[in-house]
Amino acid sequence: MDALLRFLPQVWFIILGLFLFLYVMLDGFDLGVGILSLTSSDEERRSILMTSLGNIWDANETWLVVMAGALFGAFPLAYGTILTALYMPIFIMIFGLIFRAVAFEFREHSTHKFFWNYAFGAGSFIAALGQGFALGSVIEGISVDAAGHFTGSTWDWLDWRSTLVAITLIQGYVLIGSTYLILKTEGELQQTHFRTAKIAAITTFIGAVLITIVTPIFYEAARTRLFSAPLVYVFVAIPILGLLLIGLLLTSLDRQEERTPFVWTILIFLLSFIGLGLIVFPYVIPNQITIYQAAASPSALVFMLTFVGVLIPIMLFYNIYNYIVFRGKVVTSID
Amino acid sequence: MDIFSNTVALSRMQFALTATFHMLWPVLTTGMSIYLVIVEGLWIKTRRPEYYYHARFWSKLFLLNFGIGVASGLPMEFQFGTNWAPFSEAVGDFFGSILGFEASMAFMLEAGFLGIMLFGWGRVSPLIHYLATVMVAFGANLSTFWILVANSWLQTPAGGEMVNGKFIVSDYFQAILNPFMVKSVAHMFLATLETSLFVIGGISAWYILKQRHQAFFTQSLKIVLATAIAVTPLQIYVGHLSAEQVAQYQPTKLAAMESKWESSPAGQPADWSLLAIPDEANERNKWEITIPNGLGYILEFRKNLTVPVLGLKAWVKTDRPKMVGLIYYCFRIMSGIGFFLAGVMLWSVLQWLLGNLSPEKIESQKWFLRTWILAAPLGYIAVESGWIVRCVGRQPWTLYGQIRTADAASHLPASNVLTSLTFFAVVYSVLLVTTLYFASKIIGKGPNLELPLPGLDGQFVLNTAPAESIPDQRPVEAQQ
């Protein structure tokens with residue numbers, strides 16, 4: 001029974017990691033495309049950018065809703081504490097996502113497309129910013145009392161370290177957005193995104209290096225964990241693999257390959273996620289509340305696992321089918 | 001207490017505001033998804049181009065509302081964590097799980113097939129496309145189911161008990177099948193359908209009145225009417241059953257719905273209040289029109305009550321809902337609209353049987369058409385009123401009888417909540433106005449009856465039905 005009490009929260013930690021990864025990867029390129037659209041000067045290009053997301057942004061955003069629902073059910077204490085602590089970044093993200101979403105629907109029918117283009121781009125940027133600050137401050141840690149309730153203040157989430165994470169995340173989104181557009185566009189537009197992908201790859205890399213340096217310096221708990229076996233091997237392996245993937249990505253961009261940059265970027269995201277997961281585990285609020293303390297009753301975890309667990313492959317199946325139906329290059333929607 | 005420094009009041013206002021606005025969009029899309037299943041099914045069966053054009057035209061309005069529904073719905077889920085953390089922690093085992101089911105079973109299904117339903121014409125075969133449309137409708141209505149499971153459980157918590165401030169579940173299926181669940185799900189399912197039917201019917205009537213595509217829109221009006229024959233009377237019946245279960249399980253809410261201050265004992269008749277001006281300070285109605293002996297007939301179809309009906313004074317003030325007038329009038333508005341819509345349906349069916357809805361005659365039925373246009377927004381008003389009764393009437397409890405709303409709220413600085421609340425008020429008002437503007441634009445433009453039809457293999461073929469039509473040569477994406 002003890003084993004089960006540990007195993008169930010662990011399973012849910014992994015499932016939540018999977019949902020969050022799917023969200024960051026999939027809505028990551030949506031948001032990246034949105035941010036890139038801010039730099040696009042003509043209407044036809046922006047139309048292609050938005051058309052490339054038209055059929056999928058909604059399903060991609062839904063992974064966030066799925067992740068939040070699962071977090072609520074599996075770790076109710078963490079759900080309440082983290083969201084209360086991150087009140088402002090969460091609502092910044094929500095308003096960003098609202099602007100992004102309505103831009104898709106309203107632009108279609110509008111004669112003043114300029115305004116909705118801007119809502120699409122700015123909304124994507126604001127949403128990414130909110131997510132970056134939220135992620136940054138969760139990594140930094142949230143001040144809680146013995147019962148795990150938030151005790152900090154309104155502006156705890158804002159400092160230079162969470163700003164660094166936010167900027168890096170935005171670079172990462174621009175990178176994955178660019179490589180997605182390399183996949184979905186052709187000609188001049190594709191060339192533009194070979195260039196933006198390259199710049200974003202370098203800035204993301206710099207950001208990731210800085211975060212990797214800053215984390216052990218500022219957080220003692222992370223330091224002790226990082227520099228003791230067995231994690232120390234992992235933390236040697238992850239930067240080496242990271243370097244290798246960045247190298248492969250830059251090479252594939254130089255060779256103007258269409259598909260591989262997207263694949264390498266996904267693997268870079270995955271690697272960062274595994275690294276992040278290993279730093280955080282077994283905490284759900286780093287260094288304060290473990291997954292075992294925050295977990296719902298074992299019965300609730302089984303109850304959810306029975307329904308949601310079965311659905312994971314099904315959800316993946318019809319989402320992949322959706323991508324297969326709409327595979328190939330985007331055709332312009334302007335006459 | 002100053003409202004602007006009261007975090008609990010502000011958090012409540014924020015939840016109420018976001019829920020009230022958000023509801024406007026999914027109520028339409030959930031019901032309309034069923035209509036889209038009907039017209040696309042008719043198209044596949046009969047291969048008559050009109051049905052295909054119905055599917056294409058109404059799905060434009062569907063998409064507009066769906067997108068805004070998704071956008072405005074996000075904060076609903078997140079607010080449980082941001083503004084109601086103690087509540088989330090106490091009920092996460094059941095309530096959180098149900099929200100997780102809703103997202104992964106229902107939202108994802110809807111979102112995953114939406115792309116194919118809206119943009120997949122010509123890319124997949126008609127049967128696969130129809131499957132996508134059915135899945136979108138199934139997903140939408142499944143989310144109605146899970147939301148109402150969660151909300152009904154707040155009304156009638158079952159399947160466990162509170163232990164040290166946390167709800168410990170002993171039987172999950174008992175919690176899902178809580179006393180309110182079945183009737184509440186049915187009531188809301190019918191409400192979304194009825195609202196959408198009257199929106200579609202109202203828009204169709206507007207076109208007929210404006211003499212645009214009369215034959216086309218007479219068709220949709222008749223599909224709506226044929227469905228409403230079943231839906232409107234059934235909704236009145238399910239509504240009655242819902243009121244009965246309120247009487248049984250939530251006597252404080254029933255007393256507020258009736259603005260009833262004094263208790264009525266069993267074995268005697270009691271008056272039913274038709275209209276009143278509740279006076280909460282003095283615990284009485286300032287002015288009132290009553291129907292003598294009416295309450296027994298309404299609750300039990302008999303003159304004498306078999307169980308006592310308690311008045312609000314039977315509870316101390318802190319254990320019963322405030323805003324009695326709001327609850328009282330919202331209940332009457334909702335029921336009134338329910339009967340009015342059923343009346344419209346009966347009158348319309350009569351006209352249909354008399355042959356007055358034939359393409360030649362329908363245009364001259366000006367008052368008939370105007371009534372349908374007038375009825376278009378009523379469903380929304382009824383749904384909003386019903387939810388006000390349901391959730392304001394549940395107060396002072398968040399989890400009825402177990403967790404007080406005052407204890408459920410996060411300890412946040414009031415200024416934070418005031419800021420987010422202000423943003424929501426501004427943004428959602430803009431969203432509502434903008435949606436109405438673009439919806440009226442879509443309606444003004446009207447259906448495109450010249451789209452090429454998808455053939456059996458999914459590829460578009462030219463529409464050969466009206467000989468004079470000019471095939472649309474633009475790329476597929478531009479014709480959405």
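User: Which share of the contacts in chain A with a separation of 6 or more comes from residues 24 or more positions apart?
Analyst: In this predicted model, residues 24 or more positions apart account for 77% of those contacts, where two residues are in contact if their C-beta atoms, placed from the backbone, lie within 7 Å.

User: How are things numbered, and what gets counted in a predicted model?
Analyst: Residues are numbered from 1 along each chain as its sequence is written, while chains are lettered from A and ligands numbered from 1 in the order in which they are written. As this is a predicted model, local features need pLDDT of at least 70 and side-chain atom pairs count only at pLDDT 80 or more, whereas totals for chains, interfaces and linings use all residues.

User: What is the mean pLDDT of chain A?
Analyst: Chain A has a mean pLDDT of 88, and 99% of its residues reach 70 or more; pLDDT is the predictor's confidence in each residue, from 0 to 100. Within chain A, confidence is lowest in helix α9 (residues 220-226), with a mean of 74, and highest in helix α7 (residues 160-184), at 93.

User: And chain B, where does pLDDT stay under 50?
Analyst: Chain B averages 89, with 95% of the residues scoring at least 70, but pLDDT stays under 50 over residues 462-480 of chain B. The model has 27 contacts beyond four places in sequence for that stretch, yet where pLDDT is low, the predicted coordinates should not be read in detail. For the complex, the predictor gives an ipTM of 0.90 and a pTM of 0.90.

User: Back to chain A, how many helices and strands does the secondary structure come to?
Analyst: Chain A comes to 13 helices and 2 strands; helices (H or I, at least four residues) and strands (E, at least two) are DSSP runs, numbered from the N terminus.

User: What radius of gyration does chain A have, next to a compact globule?
Analyst: Chain A has 20 Å, which agrees with the value near 20 Å for a compact globule of 335 residues. The radius is taken over C-alpha atoms, and the globule rule is 2.2 Å times the number of residues to the power 0.38. Along its principal axes, the C-alpha trace of chain A spans about 65 × 40 × 40 Å.

User: How much of chain A is buried?
Analyst: Buried residues make up 50% of the 335 residues in chain A. A residue is buried if 20 or more other C-beta atoms lie within 10 Å of its own, exposed if 12 or fewer, and partly exposed in between, with C-beta atoms placed from the backbone.

User: Which residues touch the most other members of the largest nonpolar core?
Analyst: Among them are Met67(A), Leu71(A) and Phe75(A), in a core of 251 residues. The largest share of this core, 21 residues, comes from helix α3 (residues 85-119) of chain B. A nonpolar core is a set of buried Ala, Val, Leu, Ile, Met, Phe, Trp, Tyr and Cys residues joined through C-beta atoms within 7 Å. Leaving out residues up to four places away in sequence, Leu71(A) touches Leu16(A), Ala78(A) and Tyr79(A).

User: How many residues of chain B are in contact with chain A?
Analyst: There are 60 residues of chain B in contact with 53 residues of chain A. On the chain B side, the largest share, 24 residues, comes from α3(B). That side divides into 35 nonpolar, 17 polar and 8 charged residues, where Ala, Val, Leu, Ile, Met, Phe, Trp, Tyr, Cys and Pro count as nonpolar, Asp, Glu, Lys and Arg as charged, and the others, Gly among them, as polar.

User: Switching topic, in what sense do β3 and β4 of chain B pair?
Analyst: Strand β3 (residues 272-279) and strand β4 (residues 284-291) of chain B pair in the antiparallel sense over 7 bridges; two strands pair if DSSP finds at least two bridges between them. Ser273(B) stands opposite Thr290(B) in β4(B), and the hairpin has 4 residues between the strands, where Glu283(B) takes a positive phi near 55°.

User: Where is Gln256(A), and is it buried or exposed?
Analyst: Gln256(A) is in the loop between α10 (231-254) and α11 of chain A, and it is exposed, with 11 other C-beta atoms within 10 Å. Its phi is positive, about 60°, although Gln256(A) is not a glycine.

User: Which peptide bond at Pro282(A) is cis?
Analyst: The bond from Phe281(A) to Pro282(A) is cis, with omega near 0°, and Pro282(A) lies in the loop between α11 (260-280) and β1 (283-285) of chain A.
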